[in-house]
Amino acid sequence: MKKFLIISDGTIGKHLVDRIVATYSSENLYYIIQPGSVEKPADANPSQYKFFNFDPTSFHKLANVLKMDFAQVFVAMATAKDTEITIKNIRTMKKQLRVVVLDQFGISFEDPNVVSINSNELLASRLIDYLPNVPVIAQNVGLGKGEIMEILVPFGSSFVYRHIGVIEQRNWRIIGIYRNRELILPKRRTMIHPNDLLLLIGEPSVLKSVYRAIKRELGQFPAPFGSNLYLHIDMRYENEKSIRRLLEQATFIHQELGKDLIVKVFNPNDFDLLRHIKSYRSSNVIIEINYQSVKSSDITLNDVKQFHVGLILVSRDCFSYQSMRKTLFEANVPVLSLSEKDISDIKEAIVLVSDNRDLEKVSTAIFDISAQMGYNLELFNFRSEHQEEKEQVIEHYNNLASIFSKSIKVIEQDQNPIRTLRQKDNFLQCLPFTEKMTERPILSLFSTDSERLYHRLNRYHQLFIPVRI
C-alpha cells in the first residue's frame with residue numbers, strides 16, 4: 001500500500017482532509033499532520049488514517065514522520081511563511097520527494113519536484129466558465145462533480161487487452177482513449193492497451209466503481225465485488241454429512257484467500273449439528289443462526305451489503321433451486337457452487353470457450369483466483385461456427401497470461417468438451433454468471449450453449465462470476 005503525507009491547516013486544509021476521507025481508497029495509507037487540535041472526520045478508518053497534531057514548521061517533529069517512505073506529500077497551509085518553512089523542512093530530509101502545494105500567496109518555487117496549485121487561478125478559471133461565448137477548458141467541463149474522469153490504465157489492470165465492445169457500460173461510457181499523445185475515438189473492436197489514458201463520462205458514483213475496477217490488479221479477489229466470504233447453509237435442504245463437508249471446504253477457501261468468513265445458518269433443526277457449526281467460530285469466522293422461519297433470499301441480499309460480501313459459497317443442491325439462483329444473480333457477486341469433491345485436491349481451473357464475449361468481462365477474476373489458489377488455467381475450445389469470436393476470446397486470455405506471467409493451456413477439440421471434462425477427476429469450472437442461468441435446466445435440453453449446459457458439470461466445483469460492474 002502507498003503512503004501519502006498530508007500537511008494541512010486552516011479551512012481549506014480541513015476541507016482537503018474531509019474530501020480525502022470521503023474519496024475512499026483501500027490501497028492507500030494517509031498520514032495527516034495538523035497543527036493544533038482538529039476534530040477528526042468521524043468516518044476515518046483508524047487503520048488507514050493516522051493523525052498527528054504538531055506544528056510542521058518544527059523540523060525535529062516533522063523529521064520523525066519523514067523517516068517513512070512516502071509516495072507524495074500534499075501541503076495546504078494557512079500562511080505563506082508556514083508553507084515555505086514546511087517545504088524547506090521536507091527538502092532537508094527528502095530531496096526528490098514529489099510535493100503538491102496549495103499556493104494562495106503567489107510563492108515562486110524553483111524546485112522541479114514541487115507542483116504548485118495556484119488557488120487564485122483555479123477560482124478565476126471556474127468563474128470565467130459563466131461568461132458567454134468563452135471556451136470551457138477541460139478541467140472545468142461539466143458540473144465539476146466527478147461526472148467526467150480520466151483514468152490511466154496500469155499494466156496489470158483488469159481492463160488491459162479487453163475490447164471496448166465487451167465492456168458493459170451502464171450509466172457510463174468510454175468516450176476517448178489517449179495513446180502515444182494521440183486521441184483515439186473508440187469503436188467496439190478497439191482494444192485497451194497498458195498505459196492508455198481513458199476519458200470517461202457518466203454518473204459520478206458509477207465512475208468511482210469503474211475507477212476501482214480499472215486500477216485493480218491480481219491478488220485482490222474477491223475485490224472489487226467485496227471483501228468477505230459468505231457461506232449459506234439451509235438445514236431444510238442439507239443433511240448433516242453435507243453441512244460438515246461445506247464447513248470444511250469453506251474453511252479451506254477462507255484460509256487460502258485470507259478473507260473473513262461469515263457462516264449464515266437458516267432453519268436450524270439439529271442442536272448437535274449447531275454446536276458443531278459454532279465450534280468454527282473465531283476472530284475471522286462469524287457464525288450467525290437465523291431461528292425465524294423466513295425467506296432466506298431476502299436475508300442473504302441484506303447480508304451481502306451488510307458484510308461487504310465478495311464471494312458466496314453454496315452447495316450444489318442449494319444452487320440447483322431456481323429461486324436460489326435468481327437470488328444469487330440479483331446479489332451481483334461471485335458464487336462458488338461446492339460439490340462433494342475435495343476442493344483441496346483441485347489442480348486446474350477450466351474455462352469452456354464460447355462465442356459469448358462475456359468471458360472477457362470475467363477474465364481477470366478467473367486469473368486472480370487461479371493465481372491465489374495455485375491452479376493451472378485451461379481453455380477448452382470446441383471448433384465450430386463463430387470461430388472468429390472464439391479466437392478473439394483466446395487472444396484476450398493469452399494477452400492477460402503474458403501480463404500476469406501465468407501460463408495457460410488452450411485445448412482445441414472437435415468433439416463436445418463437456419463429454420471430455422466429465423471424464424476428469426476434479427477441477428474448478430469458471431464461467432460468467434448471466435441471467436440465462438436462472439432459467440430451468442430443462443429449457444437447455446436441446447441447446448449447444450455451454451453456459452446454459454452448466455448443470456451437466458455440476459458434480460464439479462463451479463465458480464459463477466457476474467458480468468456487471
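**Notebook: contacts, burial and packing in a predicted model**

I looked up S363 and found that, leaving aside its neighbours within four places in sequence, S363 is in contact (heavy atoms within 4.5 Å) with H396, Y397 and L400. I note that this is a predicted model, in which local features need pLDDT of at least 70, side-chain atom pairs count only at pLDDT 80 or more, and totals for chains, interfaces and linings use all residues. Residues are numbered from 1 along each chain as its sequence is written, and side-chain values use heavy atoms, with hydrogens and water left out.

I then placed S363 in helix α12, residues 363–373. Helices (H or I, at least four residues) and strands (E, at least two) are DSSP runs, numbered from the N terminus. S363 has a relative accessible area of 0% and is therefore buried; the classes are buried under 20% relative accessible area, exposed over 50% and partly exposed in between, with a 1.4 Å probe and protein chains only.

Not counting residues up to four places away in sequence, T434 touches F329, D358, E451 and V467.

On the surface, I recorded a nonpolar patch formed by I148, I175 and I201, with about 210 Å² of accessible area together. Patches are made of residues with over 30% relative accessible area and no salt bridge; like charges are joined within 9 Å, and nonpolar side chains (Val, Leu, Ile, Met, Phe, Trp, Tyr) within 5 Å. A salt bridge is a side-chain nitrogen of Lys or Arg within 4 Å of a carboxyl oxygen of Asp or Glu. Accessible areas come from the Shrake-Rupley method with a 1.4 Å probe, and for residues only the protein chains shown count as cover. I175 sits in strand β8, residues 172–179, and counts as partly exposed because its relative accessibility is 39%.

I examined helices α6 (residues 240–257) and α7 (residues 271–278), which pack at an angle of about 5 degrees with their axes 11 Å apart. Helices α6 and α7 are therefore roughly parallel. On the α6 side the contact is made by E240, I243, R244 and L247, and on the α7 side by L273, H276 and I277. Axes are lines fitted to C-alpha atoms, for helices over the stretch in contact, and angles run from 0 to 180 degrees between N-to-C directions; roughly parallel applies to angles under 35 degrees.

For the whole protein chain, I noted 14 helices and 20 strands. Buried residues make up 48% of its 469 residues.

Technical notes: Parallel < 35°, antiparallel > 145°, perpendicular 65-115°, else oblique.
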